[in-house]
Amino acid sequence: MDKPLLSICIPTYNRCDIVYQCVMECLAFPYDWIEVVVTDNCSTDKTTEMLRSIHDPRFRYFRNDRNIGYINFSVSLINGSGKFCLLLSDEDVFVDTNWLKLKSQLEKADGISVFQFIYNDENGNALVVPPSKRMEANKYETLKKIYNNFRFAGGVVLKGDIARNNWKNYDDISHLWSLYSETILPLNCVIYGDYSFLDEISVQRSKRNNTGVLDVKAWCGGMNEPYWSSGSRKQQYLDWVAFFGEFGANKSVCIKLAKDVIKDSIYFYSNYYDVIFCHEDEPLFKKYSELIEIERKKYKNHWIKSVYTMYRDVCIEFDNVFGRANRSVINECIHIFICVMIIIKKKLKGLFV
């Protein structure tokens with residue numbers, strides 16, 4: 001087939017039934033200007049067998065020769081051959097999509113390299129808030145919006161050629177493994193084109209059956225800890241500072257973004273521990289009970305020190321990358337105050353001795 005206008009790019013790992021259902025739903029749309037591309041992160045179930053049984057000229061299947069971790073989300077976009085590439089998780093479904101108007105919108109998208117569209121959870125609640133207007137390429141406000149918005153692997157359409165060419169510069173991703181690796185690609189793309197909103201499409205996470213739930217090995221990127229552990233979270237923020245040190249945007253913009261990382265790390269870490277020390281009846285505690293219990297025992301009497309250590313280490317990384325003279329003055333007293341307030345709240349709940 002000729003080069004498609006839109007590639008629907010689906011990363012997967014060990015969810016053969018779910019990804020097969022997703023692919024068949026996408027191929028049910030009767031349009032020859034789309035293709036469906038699956039990138040399999042070296043699954044050990046029947047994914048290969050089931051997907052190779054699909055005979056449709058609009059479908060292509062790639063299988064990694066090893067598990068490459070969470071960056072499979074980014075690689076799946078690179079495997080698309082279309083003018084634009086849309087990232088779709090294998091448990092996601094299209095809802096309220098006007099395909100013909102979407103086609104027209106993409107055909108007229110001159111100068112735009114990153115689109116975002118409505119992306120909801122399984123209950124219809126918004127996971128991301130796309131920009132309300134077109135935002136200019138290579139500006140701080142645009143880059144910061146993408147950094148804040150692309151925290152979920154979904155709701156993104158990238159200009160194919162820009163995405164594929166930019167990825168060539170990031171073959172060595174040893175320190176860019178982080179949970180937000182899907183953010184790195186749109187950040188690079190928006191240097192060369194504007195960032196805008198697609199209003200003719202929306203996607204929602206489905207309530208497909210839970211058999212074959214994604215194995216943590218597909219997400220952790222080779223780290224010894226799952227991406228949501230405190231150790232991994234800390235590494236992610238250190239990675240982000242290092243990334244902005246190499247980023248191709250204006251240096252003053254990179255410094256400003258790296259300063260934002262320091263502020264975000266403290267805010268997130270404080271709230272993260274608010275979850276770690278939650279009651280057993282909290283949904284998140286139930287979901288990650290074993291991991292959180294280990295973290296809670298590890299940091300029960302010293303977690304405020306851990307929060308401060310996070311701040312110190314990220315600031316040291318900033319100094320190493322940009323020089324201490326460029327570091328912003330961050331009000332440590334405010335962060336310590338937040339931590340103390342959380343501790344007091346938890347003492348009242350009887351979670352500290």
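Strand E1 (residues 6-12) and strand E4 (residues 84-87) pair in the parallel sense, over four bridges. Strands here are DSSP E runs of at least two residues and helices are H or I runs of at least four, numbered from the N terminus; two strands count as paired if DSSP finds at least two bridges between them. Within this pair, Cys9 has Leu87 of E4 as its bridge partner.

This is a predicted model, in which local features need pLDDT of at least 70, side-chain atom pairs count only at pLDDT 80 or more, and totals for chains, interfaces and linings use all residues. Residues are numbered from 1 along each chain as its sequence is written, and side-chain values use heavy atoms, with hydrogens and water left out.

**Sheet**

E1 and E4 belong to an open sheet of eight strands with mixed pairing, ordered E3-E2-E1-E4-E7-E6-E8-E5. Because strand E3 (59-63) and strand E5 (92-95) stand at the edges with a single partner strand each, one side of each has no neighbour in the sheet. From one strand to the next the twist averages 30°, with axes fitted as lines to C-alpha atoms (for helices over the stretch in contact) and angles running from 0 to 180 degrees between N-to-C directions.

| Pair | Sense | Bridges |
|---|---|---|
| E1 and E4 | parallel | four bridges |
| E4 and E7 (residues 156-159) | antiparallel | four bridges |
| E6 and E7 | antiparallel | three bridges |

Phe84 stands opposite Lys159 in E7, and Val114 stands opposite Leu158 in E7. Helix H5 (residues 140-149) packs on the sheet, where H5 touches strand E6 (112-120) and strand E8 (194-205), and the direction of H5 makes about 15° with that of E8.

**Cores**

A nonpolar core is a set of buried Ala, Val, Leu, Ile, Met, Phe, Trp, Tyr and Cys residues joined through side-chain atoms within 4.5 Å; buried means under 20% relative accessible area (1.4 Å probe, protein chains only). The largest such core has 47 residues, and Phe244 and Phe247 have the most contacts inside it. Helix H9 (residues 251-276) gives the most to this core, with eight residues. Not counting residues up to four places away in sequence, Phe244 touches Tyr147, Leu187, Cys254, Leu257, Ala258, Val261 and Phe322, a contact being heavy atoms within 4.5 Å. Another core, of 34 residues, lies apart from it and includes Ile34, Val38, Ala109 and Ile112.

**Confidence**

The protein chain averages a pLDDT (the predictor's confidence in each residue, from 0 to 100) of 79, and 69% of the residues score at least 70. Over residues 211-215 the pLDDT is below 50, and this stretch has eight contacts in the model beyond near neighbours in sequence. Residues 219-223 stay under 50 as well, with 12 contacts beyond four places in sequence.

Terms used. Buried < 20%, exposed > 50% of the residue type's maximum accessible area, 1.4 Å probe, protein only.
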